[in-house]
Every structure is written in C-alpha cells, then in structure tokens.
Amino acid sequence: MEEEFQQILNQRVEKLGEDDPETLRTRDNLAWVLSNQGKYKEAEAMYRTVLVIQKKTLSEEHPESLRTKSNIARELSNQGKYQEA
C-alpha cells in the first residue's frame, strides 16, 4: 500500500504541484499508512511537510492545519517524544 500511495503522490506532484489539495490529501494518506506500519519518524516528517504547505496555502489555524498538528503530536508520542508532543 505504501508503494501505491508513493506512486500516486509522485504523479500528483508532477501534474498538480505540491500545493494542490489533492496532492496534500495524498501526502496525508501516505503519512497515515507509514504510521500504521510503525514508521513513526517517516510519518512525522510527512505530516510536517503537509503542515508547511497548509500554513502557506490555508492558514495555521485552519481546521486542516490543526488536524495535521494533532497528527504530528501523535507521531511524536508514538516515538516516545512526550515533551515535544
């Protein structure tokens, strides 16, 4: 499943660009897949990339940005980084 999402992400980045909502959604889904595979550090990095783009295209307080912040906190917690979470 990870490979499929990565392929889709690559295609969307190429055709739609990094900032496109569909590209962001795919990147978010890939982060979820990584987390479910126990790849918490990779998932955290992916969610952080999503958040940077969301802050630029939406706002820091947009509901989607807030959800992504929550996802980052969960990934930090999964890694035992409770102070950062």
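**Close-up views of a predicted model**

**View 1. Lining of the largest pocket.** The residues lining the largest pocket are Asp-19, Pro-21, Leu-24, Arg-25, Asp-28, Val-50, Gln-54, Thr-57, Leu-58, His-62, Glu-64 and Arg-67. H2, H3 and H4 each give two or more residues to this lining, and H2 gives the most, with four. Helices are DSSP runs (H or I, at least four residues) numbered from the N terminus. The volume of the pocket is about 220 Å³. A pocket is an open set of points on a 1 Å grid over the protein atoms alone where a 1.4 Å probe fits, with protein on both sides within 12 Å along at least five of seven lines; lining residues have an atom within 4 Å of a point. By class, the lining has four nonpolar, three polar and five charged residues.

This is a predicted model, in which local features need pLDDT of at least 70 and side-chain atom pairs count only at pLDDT 80 or more, while totals for chains, interfaces and linings use all residues. Residues are numbered from 1 along each chain as its sequence is written, and side-chain values use heavy atoms, with hydrogens and water left out.

View 2. Thr-68 counts as buried because its relative accessibility is 0% (buried means under 20% relative accessible area, with a 1.4 Å probe and protein chains only). Beyond four places away in sequence, Thr-68 touches Asp-28, Tyr-47, Val-50, Leu-51 and Gln-54 (contact means heavy atoms within 4.5 Å).

**View 3. Contacts of Leu-9.** Leaving aside residues up to four places away in sequence, Leu-9 touches Thr-23, Thr-26, Arg-27, Leu-30 and Met-46.

Technical notes. Points joined across faces, edges and corners; volume = space filled by probe spheres on them. Nonpolar A, V, L, I, M, F, W, Y, C, P; charged D, E, K, R; others polar. Buried < 20%, exposed > 50% of the residue type's maximum accessible area, 1.4 Å probe, protein only.
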